[in-house]
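The following paragraphs lead through the structure shown here, moving from one chain to the other and then to the contact between them.

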Amino acid sequence: MKNKNLYNYILGIADNSLILGQRLGELTGHGPSLETDIACTNISLDLFGQVRSYYQYAAKIAGDDRTEDDIAMLRKEREYFNVLLVEQPNTNFAYTIVRQFLFDVYHYLFLTELQKSHDVTLVAIAKKSIKEVSYHKRFSTDWLKRLGDGTTESKQKTQQAVNDLWTYTEELFYTTQADNAMISEGIAVDVTKFKANYYQNVNAVLTEATLDIPESKFFQKGGKQGIHTEHLGYLLSDLQYMQRTYPNMEW
Amino acid sequence: MKKNWPLWEVFVRSKNGLEHRHCGSLHAADEDMALENARDVYTRRSEGVSIWVVESAHIKASNPENNGELFEPAQDKVYRHPTFYDLPDEVKHM
């Protein structure tokens, strides 16, 4: 492949949305209420829509006979480059919302910057996606405030989720070798540039939600290099089941 | 039932120039959440350009028991319909 770095860079972006979309999709029919169930699965479908554009572009760059579906469905665990945050399970609604919030703030800042890329396809995808992500951010921010500043139980569960998921936030700003190569070509977003802005945004909402900002300085990373938590394998076995069991099936 | 969120009625305008139409109801804790829920439940297939929500408790409804006195007297007064005019084809939404 001529442009391996660009290919890997695109997968890094797309895999975040694919895995988070799959996590949210698990809530289909299981949301805490009909309304939040539909809201979470709407967000899931938005993310899957974005993912298709990225994988179609990646398939074009790969230049062999792989399709968008092959790229999405037929890789092994170590070949997914999503951050660890998005693969964390839907432990309860607080975890779902906190995970979403921590990702949405990042996603919004990321897409804002991606619109300045030298790659016109990525710019087009970013322009289309940012409207959706702007709504996702609104949804998760509003819910975080409600849960944090809600009942004693909702506050306690939400604080627990914040404390547990905090360790995955710093990885959002880790850059791989493919990222760095693409940054120097003006294609990739240099995520380190909005790290301070990210934590400022997140901390402001946590404070408004009357939640404590974790002080822990211990952070996990690995997802961007394909080293995942124990949760991804189970997620992939769900995601890939149909394609693995009935190869090339369509409906 | 006390612990449930209150019920809200949702009105959606399908495009500019048309009126808001009642399309259903949903549960939400307050008006902001009602609006977001309405967006997700009722406009995700691009059904609308504007949403109104109103708490169902604020609606005063007619009593079905009074249907006789309220509605039946109108049934035999066909002359109250503007059916005796020829409408030009260009006039829409009448």
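In chain A, the residues that cover the buried part of helix H7 include those of helix H4 (84-87), helix H5 (93-114), helix H6 (120-148) and helix H9 (195-208). The model is a predicted one, in which local features need pLDDT of at least 70 and side-chain atom pairs count only at pLDDT 80 or more, whereas totals for chains, interfaces and linings use all residues. Residues are numbered from 1 along each chain as its sequence is written, and chains are lettered from A and ligands numbered from 1 in the order in which they are written. Helices (H or I, at least four residues) and strands (E, at least two) are DSSP runs numbered from the N terminus.

The buried residues of H7(A) are Lys157(A), Thr158(A), Gln159(A), Ala161(A), Val162(A) and Leu165(A). A residue is buried if 20 or more other C-beta atoms, placed from the backbone, lie within 10 Å of its own, exposed if 12 or fewer do, and partly exposed in between.

The largest nonpolar core has 72 residues, of which Ile10(A), Ala14(A), Tyr54(A), Ala58(A) and Val98(A) touch the most other members. H5(A) provides the largest share of this core, 14 residues. Such a core is a set of buried Ala, Val, Leu, Ile, Met, Phe, Trp, Tyr and Cys residues joined through C-beta atoms within 7 Å. Neighbours within four places in sequence aside, Ala58(A) is in contact (C-beta atoms, placed from the backbone, within 7 Å) with Tyr7(A), Ile10(A), Leu11(A), Ala14(A) and Ile71(A). A second, separate core of 10 residues includes Val10(B), Leu26(B), Ala28(B) and Ala34(B).

Chain B holds an open sheet of 3 strands in the order S2-S1-S3, with antiparallel pairing; strands pair if DSSP finds at least two bridges between them. S2 and strand S3 (50-55) of chain B are the edge strands, each pairing on one side only. The twist averages 25° from one strand to the next. H1(B) packs on the sheet, touching S1, S2 and S3 of chain B, and its direction makes about 130° with that of S3(B). Here axes are lines fitted to C-alpha atoms, for helices over the stretch in contact, and angles run from 0 to 180 degrees between N-to-C directions.

Strand S1 (residues 7-13) of chain B is joined to S2(B) by 7 bridges and to S3(B) by 6. S1(B) and S2(B) form a hairpin with 6 residues between them, and Gly17(B) in the turn has a positive phi of about 100°. Glu9(B) stands opposite Ser25(B) in S2(B), while its bridge partner in S3(B) is Val54(B). The covered face of S1(B) consists of Trp8(B), Val10(B) and Val12(B), and the uncovered one of Leu7(B), Glu9(B), Phe11(B) and Arg13(B). Phe11(B) counts as partly exposed because it has 18 C-beta neighbours inside 10 Å.

Where do the two chains meet? In all, 9 residues of chain B are in contact with 7 residues of chain A. The elements giving two or more residues to this side of chain B are strand S2 (20-27) and helix H1 (31-42) of chain B, and H1(B) gives the most, with 5 residues.

Terms used: Two residues are in contact if their C-beta atoms, placed from the backbone, lie within 7 Å.
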